[in-house]
Amino acid sequence: MFSIVDVETTGGIGGQTRLTEVAIFRFDGVEVVDRFHSLLNPHCPIPPFIARMTGISDEMVQSAPDFEDVAHEIDRVTKGAVFVAHNAPFDYGFLKKEFSWIGLPFERHRLCTVQLSRRIFPGLPSYSLGKLCRSLEIPVKNRHRADGDAAATVKLFELLLTNDQHGLIKSRRVSV
């Protein structure tokens, strides 16, 4: 079982930066069997360049739930599954940080679709999610929004599973 995750944030992983959105697709290797998506109130201003990139404004998250209010759902959808994300250290690091701030552990086995893509599809011009999806003809709706990017990552992961001739995913040799 895999939980394919994407988050949007107020900035980089360090310091007091917070989540503004999370999307998770629970994927059994064939189909999505569960999902979770929510905006989150970061309780701090969203920097203008982040708001322009994501389209997420301070007004949109003002009445959104706090991380603590949705932590049980995030735990439920990811528990017992391999955590998969495009640039997994970023998404995983944010969730781990948010869980630690509310006093809860968050430990999952991880796979990074950037690393997997470099090994399974070598020689592509770029491994950023948007350019990689363009190269592999994966449609992306709502780029830089958690739900849209996570849905595209599901499609990417399906291709990775199909083309994984060396068993990288099954063996988790490229987990971070």
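## Largest pocket

By class, the residues lining the largest pocket divide into 5 nonpolar, 5 polar and 5 charged. This is a predicted model, in which local features need pLDDT of at least 70 and side-chain atom pairs count only at pLDDT 80 or more, while totals for chains, interfaces and linings use all residues. Residues are numbered from 1 along each chain as its sequence is written, and side-chain values use heavy atoms, with hydrogens and water left out.

The volume of the largest pocket is about 320 Å³, a pocket being an open set of points on a 1 Å grid where a 1.4 Å probe fits, with protein on both sides within 12 Å along at least five of seven lines, and lining residues having an atom within 4 Å of a point. Asp6, Val7, Glu8, Phe90 and His144 are the closest to its centre among the 15 lining residues. Strand 1 supplies the largest share of this lining, 4 residues.

## Strand pairing

Strands 1 and 2 run antiparallel and are joined by 8 bridges (strands are DSSP runs of E, at least two residues; two strands pair if DSSP finds at least two bridges between them), and Val7 stands opposite Val22 in strand 2. Strand 2 (residues 19-27) has 9 of its 9 residues buried, that is, under 20% relative accessible area with a 1.4 Å probe and protein chains only.

Terms used:
Grid points are joined across faces, edges and corners, and a volume is the space filled by probe spheres set on the points. Ala, Val, Leu, Ile, Met, Phe, Trp, Tyr, Cys and Pro count as nonpolar, Asp, Glu, Lys and Arg as charged, and the others, Gly among them, as polar. Buried means under 20% relative accessible area, exposed over 50%, partly exposed in between (1.4 Å probe, protein chains only).
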